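Let's take a walk through a protein model together. Have the sequence and the 3D view open, and follow along one step at a time.

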Amino acid sequence: MELKSPPKKYHHNKNKHIVYSCQYHVVFRPKYRRPVLTGKIKERLEELILEKCKELNTEVLDMVIAPDHVHLLLDADPTIGINKIVAQIKGYTSNKLRNEFPELRRKLPTLWTRERFISTVGTVTEIYDYLRLLYARVGIQYCHKCNEKISNMTEDDIIQEVLKLPENS
């Protein structure tokens, strides 16, 4: 499988004298994987993520919000650290959403779990392309018409399988 990506974009941080291009695939989910990210909550979450990323000088290359998890493809400043960026996004969105949507306080003790998945992705610019690449590495086929995986494995299972692969595969 061949991914066609645009030329890699480099950023210049004049104060710290560095040039960088760091893209990360990030996945996080609501507590108990409850399907609460729908409708107005989903729309507001997207706005809040874009708002916070702009504040953190982080570019959102792609975003997919499913009812029970969030995929982000971020181009981030390495001097801040991706873990800190994700923690700030989760903290900011949790606070705002729980204040604006009281039903989230009733359904969940906290909005997000403490866990997150973070992986560097090189020049891949769309999350679905990246996931297809992960699936292909573990031998899972896609239905090209509906873009659905043909397997009983969850995305978490796929990620675990990919993490078990040797570096050179």
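The paragraphs below begin with the whole chain, then visit a strand, a helix and a loop.

This is a predicted model, so local features need pLDDT of at least 70 and side-chain atom pairs count only at pLDDT 80 or more, while totals for chains, interfaces and linings use all residues. Residues are numbered from 1 along each chain as its sequence is written, and side-chain values use heavy atoms, with hydrogens and water left out.

Let's start with the overall plan. The chain holds 5 helices and 8 strands; both are DSSP runs numbered from the N terminus, with helices being H or I of at least four residues and strands E of at least two. Read from the N terminus, the order is β-β-β-α-β-β-α-α-β-α-β-β-α. The chain has 169 residues, and 40% of them count as buried. Here buried means under 20% relative accessible area, exposed means over 50%, and partly exposed lies in between, using a 1.4 Å probe and protein chains only. The accessible surface of the chain is about 10,200 Å², and carbon and sulfur atoms contribute 49% of it; such areas come from the Shrake-Rupley method with a 1.4 Å probe, and for residues only the protein chains shown count as cover. Among contacts in the chain with a separation of 6 or more, 66% are between residues 24 or more positions apart, where contact means heavy atoms within 4.5 Å.

Now find strand β5, residues 69-75. How many of its residues are buried? The count is 7 of 7. His-69, His-71, Leu-73 and Asp-75 point one way from β5, while Val-70, Leu-72 and Leu-74 point the other way.

Next, look at the partners of β5. Strands count as paired if DSSP finds at least two bridges between them. Strand β3 (residues 23-28) runs antiparallel to β5 and is joined to it by 6 bridges, with His-25 standing opposite Leu-73. Strand β4 (residues 59-66) also runs antiparallel to β5, with 7 bridges, and here Glu-59 stands opposite Asp-75. β4 and β5 form a hairpin with 2 residues between them.

Asp-75 has another link to show you. Gln-23 sits in strand β3 and is buried, with a relative accessible area of 6%. The side chains of Gln-23 and Asp-75 are joined by a polar contact of 3.1 Å. A polar contact is a pair of N or O atoms within 3.5 Å; within protein, one must be able to donate a hydrogen and the other to accept it, and residues adjacent in sequence count only if both atoms are side-chain atoms.

Turn now to helix α1, residues 39-55. Its buried residues are Ile-41, Leu-45, Leu-48, Ile-49, Lys-52 and Cys-53. Seen down the axis of α1, these fall within an arc of 125 degrees, so they line one face of the helix; the arc is taken from the directions from the helix axis to the C-beta atoms. Their cover includes β4, β5, α2 (82-100) and α3 (102-107). The face turned away from the buried side of α1 carries the exposed residues Lys-40 and Lys-54. After α1 comes Asn-57, whose phi is positive, near 55 degrees.

Finally, visit the loop between α3 and β6 (117-120), where Arg-114 is found. Is Arg-114 buried or exposed? Arg-114 counts as exposed, at 79% relative accessibility. The C-alpha atoms of Arg-114 and Ala-87 are separated by 9.0 Å, and these residues are 27 apart along the chain.
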